[in-house]
Amino acid sequence: MSAAPARGEGTEASTRGEEMHALIRELYPLCRSLTGDGVRETLRVLGRFVPLEVHEVPSGTPVFDWTVPREWNLREAWIATRDGRRVIDARDSNLHVVSYSTPLRRRVPLAELRAHLHSLPDRPDWIPYRTSYYQESWGFCVSERQLASLTEPEYEVCIDATLAPGSLCYGEWLLRGRSPREILISVHVCHPSLCNDNLSGLAVSALLARALREREGEREYGVRFLWVPGTIGSITWLARNAERAGRIAHGLTLVCLGDRSPFTYKRTLRGDAEVDRAAALALRESGFAHALIDYFPFGYDERQYNSPGFRLPVGSLMRARHGRFPEYHTSADDLDFVAPRPLEESLEVVSALLDVLDGNRVYRSTSPCGEPQLGRRGLYRALGGEPDVAELELAMLWTLTLADGAHSLLDVAERSGLRFAQLQRAAGLLRAHGLLEPCAPAENENGRVGCASC
Ligand code: ZN
């Protein structure tokens, strides 16, 4: 854990934080699920930020060990008394209906109905979020108080939904870099009215993508954004892009980035991949409180990317850890649970993390025998007037010390404790004076191409 942040205090939320919160408010009412028009509409909104491509994959398409499911669309769902008074209505909260519930319209005795109702006894006012994607059933999620109010012997139950052949859709956008190698940003897009998980990830990724697009052509790595329904979406992308997956050198899933907790970075399966080290450095430099945790095989789509057939080094950046905060997967993960400032901080950290990955280089000194004479070149004790000149000199000395073709700027940052941006600046000065030459980009140890099991 690092110290509490010095910045990020105060009450004024930034413009970008406000913009992300506004985007979350816009997306909040949409009834997203694994498939269906709620996801399409969400992707259409994200299309305002970057010209993403929307892929439609037909139901029944085999994707590795899975099959693209039928498409689910909900028109309405309610429980009414016999005299027509609606006591539960999905118009009040789309969490009220279990996602992928099969269509139903009939009178149901209370005892039978109760077997299809989900509530949270410990949180009497909250509605849980439940899904039944891969098992045909129906159900409603209600608060404990609503459950207690159901006392009539039978109710009229309506789930006006279609569960039929259609397609699964996901969004994809690639910012091209100078190199064919890519950084993957993957965000799940399947949760309905839940803000931290997962609208915060959508909002941060949307503004990140737009900011990168504004600086198109400046980056070494391409950055590939995937907005996919959880699990089946990333599996579908991998199944359709087994070759392309080999270009992914580093990756991140973004989830739970809008709450007020310290940051959590979940490492890749490897645990020491470049993205793991870049995340640790970016968080250290941010000054924000954070924890680094090891990989575990549940969570979000990092599970698919790290699977044995791909072994892509994909970590996960979050604030509160999914499943570990009481509001998780309940109606309390609402618009008040996420705030502009934490969203802004999250965007800042992800941007810095990408900048470290993109700027990491391996150099070789052109004058490796003893120190080169920096003073003669005006690089030492000659740079006046800048408050950080001593740090810049130190950065040059550290960069030269490790300029042996075997250490990267990330190594230098870890070893020296100096800021990555300062080391980049130092390396730029040394290069301008002919004292450093870049080595070919160090091959990522994830050098395999494609899917080993295909
Ligand atoms: Zn979730």
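## Helix 8

Let's start with helix 8, which covers residues 274-286: its 13 residues reach 18 Å from the first C-alpha to the last, close to the 18 Å expected at 1.5 Å a residue. Here, the expected span is 1.5 Å times one less than the number of residues. Helices (H or I, at least four residues) and strands (E, at least two) are DSSP runs, numbered from the N terminus.

Glu274, Val275, Asp276, Ala278, Ala279, Leu281, Ala282, Leu283 and Ser286 are the buried residues in this helix. "Buried" means under 20% relative accessible area, "exposed" over 50%, and "partly exposed" in between, using a 1.4 Å probe and protein chains only. After helix 8 comes glycine 287, with a positive phi near 80°.

## What you're looking at

This is a predicted model, where local features need pLDDT of at least 70 and side-chain atom pairs count only at pLDDT 80 or more, while totals for chains, interfaces and linings use all residues. Residues are numbered from 1 along each chain as its sequence is written, and side-chain values use heavy atoms, with hydrogens and water left out.

## The zinc site

Which residues hold the zinc ion? His191 (NE2), Asp197 (OD), Tyr300 (OH) and His329 (NE2) coordinate the zinc ion at 2.0 to 2.1 Å. Donors are N, O and S atoms within 2.8 Å of the metal (3.2 Å for Na, K and Ca), and water is not among the atoms, so sites may look incomplete. Along the chain, the donors follow the spacing H-x5-D-x102-Y-x28-H. Aspartate 197 sits in helix 5 (residues 195-214) and histidine 329 in the loop between strand 16 (314-318) and helix 10 (340-359), so this pair ties together parts 132 residues apart in sequence.

Why is the arrangement called irregular? Because the 4 donor atoms around the zinc ion subtend angles of 70 to 132°. Four donors count as tetrahedral if all angles lie between 85 and 135 degrees; four count as square planar and six as octahedral if opposite donors are over 155 degrees apart and all others between 65 and 115; anything else is irregular. Aspartate 197 is buried at 0% relative accessible area, and histidine 329 is buried at 18%.

## Cysteines on their own

How many disulfides turn up in the whole structure? The search finds 0, with a disulfide being a pair of cysteine sulfur atoms within 2.5 Å. For cysteine 169, the closest cysteine sulfur is in cysteine 190, 11 Å away and so too far for a bond. Cysteine 169 is buried, at 0% relative accessibility.
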